[in-house]
Amino acid sequence: MSKLTESPAWQALRLHHAAIENVHMRQMFGEDPARFRKFSLEFDRLLFDYSKNRINDQTVRLLIELAEQARLPVWIERMFGGDRINNTEHRAALHTALRNRSGRPVPVDGKDVMPDVLRVLGSMRRFSDAVRNGEHRGHTGKAITDIVNIGIGGSDLGPQMVCESLKPYAADNLDVHFVSNIDSSHLTDTLNRLDAETTLFIVSSKTFTTQETITNARSARAWLVERLGNEHAVARHFAAVSTNLEATSKFGINPENVFEFWDWVGGRYSLWSAIGLPIALYVGMDRFEELLGGAHAMDEHFRHAPLDKNIPVLMGLLGIWYGNFFKADTNTMFPYDQHLHRFPAYLQQLDMESNGKRVDRDGQTVDYDTGLIVWGELGSNGQHAFFQLIHQGTRLIPSDFLAPMHSHHPLGEHHAIMMANCYAQTEALMLGKTAEEARAELKAQGLQGATLEALLPHKVFPGNKPTNTLLFDRLDPHTLGMLIALYEHKVFVQSVVWNINPFDQWGVELGKQLAGKILPELRDAASASSHDASTSSLIDYYHQHR
């Protein structure tokens, strides 16, 4: 057994789980009329209701003891203080500095990083303002109407999710597009809708060597030059987010339109940096800074609120409670806001790339599960697709529900109907439907005898399915910033308890290495080298059918 699973806090939770495992939340609510007040928190117009969880006062106390045993407050300060907590890459993890609005210095190796952060924000404002007000025009003098972001992973998911979420704040004269897939259809389908004279490309790659990104960027460059007939057009139609000035210069990008970020910014935490340039272009720099402000507000809450009144801490610990003690494998996310339709995809990378680790910080194989599988969909759509599994399937699937109090587009009863469905789902998952209730319902419908008894088992819902509900006033930049930071910190809390490094991602490297070996073999059959029988046969099949 590991130090974690042998620890007093872990063992106490294991015994507590055995005592509470079969207690139904119906009973919990029946015995405690104040349960909602006790197990809900409100911060900055954000309500976190965690009362529909299989917990009681003792559960929360024991989970907090687990966090204290892991020295969570110390780790929080280490992260905010610029310590090199990314131990395998010997880096700080300072995405919080990118949205630091306090004026406090943030040191890394004795140097305050904030002057550089503010300098890049100023450059982003200069460039985004120039594009938005028509000062920066294309090669033929026309104003820019379309932004194409070329990136992958965190350089795509984060900015895309935010732009989709903040559509109500977008400029009327600008549209934004995202190209990530190396499948040429993604780039081609995007370019087919655009006019080269009015299109601006942003290439996001720290090293300017990411295979998928640079391949797409070169093809976009060729498309532009072919249509405008001049290599010099690249300087007016391309910007980059990169640290490789030599490579961006060779590509033809004006050095003034290259925006840097730093090795202490992880890809899936990078939307707050210059990687967020498409956000600034699409909604304006003022809105981008409101996004930063919302994230900073959540940072301050996470850093200073007591653990038992701390929303990210409680969310993270509840995930551990279900993943490690109830043996839940997955966690679902259901936004009841159309503009958040990319939020589940964004959280998949944030969570699973961070905490999908099999060894701890010391390189020892863990003997406990880490990193739940994250999935989800817009709530209304999910209800008519896969909620059946959550309600009556055999697996325990904890779920998060997110919803706004106000819609950007009020229309009749649309919003009230949507909210009624959101609330009804969390209630149904908690309550379920007993055999007695189902029998009475069927009798009221006129069924009886063998017909009733045959249908009865199919109408029973076990309930006791845990949910968190997050309600906010309106999906504006400040609120979105809070929500993103909330989930970032939830992931960090879990990593601390599990004693893993959430800021590296070595698991994505092996496939890249092997792809680099296989690509020459697809180009030239004579260059084939040793592979397993399956891979060798697949390479042969490629050549036979090309």
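A charge sits over a ring if NZ of Lys or CZ of Arg is within 6 Å of the ring centre and within 35 degrees of the ring normal. Two cases here. The charged end of Arg78 sits over the ring of Trp75, 4.6 Å from its centre. Arg35 has its charged end over the ring of Phe29, 5.2 Å from the centre.

A word on the source. This is a predicted model: local features need pLDDT of at least 70, side-chain atom pairs count only at pLDDT 80 or more, and totals for chains, interfaces and linings use all residues. Residues are numbered from 1 along each chain as its sequence is written, and side-chain values use heavy atoms, with hydrogens and water left out.

Now ring pairs. Rings of Phe, Tyr and Trp (its six-membered ring) pair if their centres lie within 6.5 Å; planes under 30 degrees apart count as stacked, over 60 as edge-to-face and the rest as tilted. That rule gives 24 aromatic pairs. Take Trp10 and Phe325: centres 4.7 Å apart, planes at 45°, so the pair is tilted. Trp10 lies in helix H2 (residues 8-20) and Phe325 in helix H16 (residues 311-325), 315 residues apart. Helices are DSSP runs (H or I, at least four residues), as are strands (E, at least two), numbered from the N terminus.

Buried or exposed, Trp10? Buried, with a relative accessible area of 6%. Phe325 is buried too, at 8%. Buried means under 20% relative accessible area, exposed over 50%, partly exposed in between (1.4 Å probe, protein chains only).

Next, Phe208 and Phe251. Their pair is edge-to-face, 5.6 Å centre to centre, with 85° between the planes. Both Phe208 and Phe251 are buried.

Last, a cluster. Ring pairs link Trp10, Trp321, Tyr322, Phe325, Phe326 and Tyr368.
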